[in-house]
Amino acid sequence: ARDLFHFADASDEAKGCLAGAPLLTAEDESTKVPGVFLVGSLVRHGELSFCFIYKFRQRFGVVANAICKGLGRDTVSAVAECRRTNMYLDDFGCCKGACGDAC
């Protein structure tokens, strides 16, 4: 995994859930190797942990959108449908209380 991802350390304000976690972009892409994405319970953004399936599955649409846009595909209607069914989690405001302490 060290070949694919940078990992959080003390210089990255690694506290709580972020300690030792892979560093990712807003679309859950590796900050080390473009085009490599992480999905699942290891995804962390700041102090937020997406360790429950009902949260990390909502990130699949974000990853799919980034991949499709990288391939030059139009994703507007697909993203709208994912948002309509609450399966596109790009606003972390709803996670502050639920995911922050869930390491």
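This is a predicted model: local features need pLDDT of at least 70, side-chain atom pairs count only at pLDDT 80 or more; totals for chains, interfaces and linings use all residues.
**Group meeting: cysteines, a buried glutamine and a surface patch**

Let me start with Cys-82, which is partly exposed, with a relative accessible area of 25%.

How many disulfides does the structure hold? The count is zero. For anyone new to the term, a disulfide is a covalent bond between the sulfur atoms of two cysteines.

Next, Gln-58. You will find Gln-58 in the loop between α1, residues 53–56, and α2, residues 60–70. Is Gln-58 buried or exposed? Its relative accessibility is 7%, so Gln-58 counts as buried, the cut-off being under 20%.

What does Gln-58 touch? If we set aside the neighbours within four places in sequence, Gln-58 is in contact with Asn-86, Met-87, Tyr-88 and Leu-89. For Asn-86 there is a further detail: the side chain of Gln-58 reaches the backbone oxygen of Asn-86 at 2.8 Å.

Now to the surface. Ile-53 lies in helix α1, one of the two helices on either side of the loop that holds Gln-58. Ile-53 has a relative accessibility of 57%, and because the cut-off is over 50%, Ile-53 counts as exposed. Together with Phe-52 and Tyr-54, Ile-53 forms a nonpolar patch on the surface. The accessible area of these residues together is about 310 Å².

Definitions and conventions: Residues are numbered from 1 along each chain as its sequence is written. Side-chain values use heavy atoms; hydrogens and water are left out. Helices (H or I, at least four residues) and strands (E, at least two) are DSSP runs, numbered from the N terminus. Buried means under 20% relative accessible area, exposed over 50%, partly exposed in between (1.4 Å probe, protein chains only). A polar contact is a pair of N or O atoms within 3.5 Å; within protein, one must be able to donate a hydrogen and the other to accept it, and residues adjacent in sequence count only if both atoms are side-chain atoms. Contact means heavy atoms within 4.5 Å. A disulfide is a pair of cysteine sulfur atoms within 2.5 Å. Patches are made of residues with over 30% relative accessible area and no salt bridge: like charges are joined within 9 Å, nonpolar side chains (Val, Leu, Ile, Met, Phe, Trp, Tyr) within 5 Å. Accessible areas come from the Shrake-Rupley method with a 1.4 Å probe; for residues, only the protein chains shown count as cover. A salt bridge is a side-chain nitrogen of Lys or Arg within 4 Å of a carboxyl oxygen of Asp or Glu.
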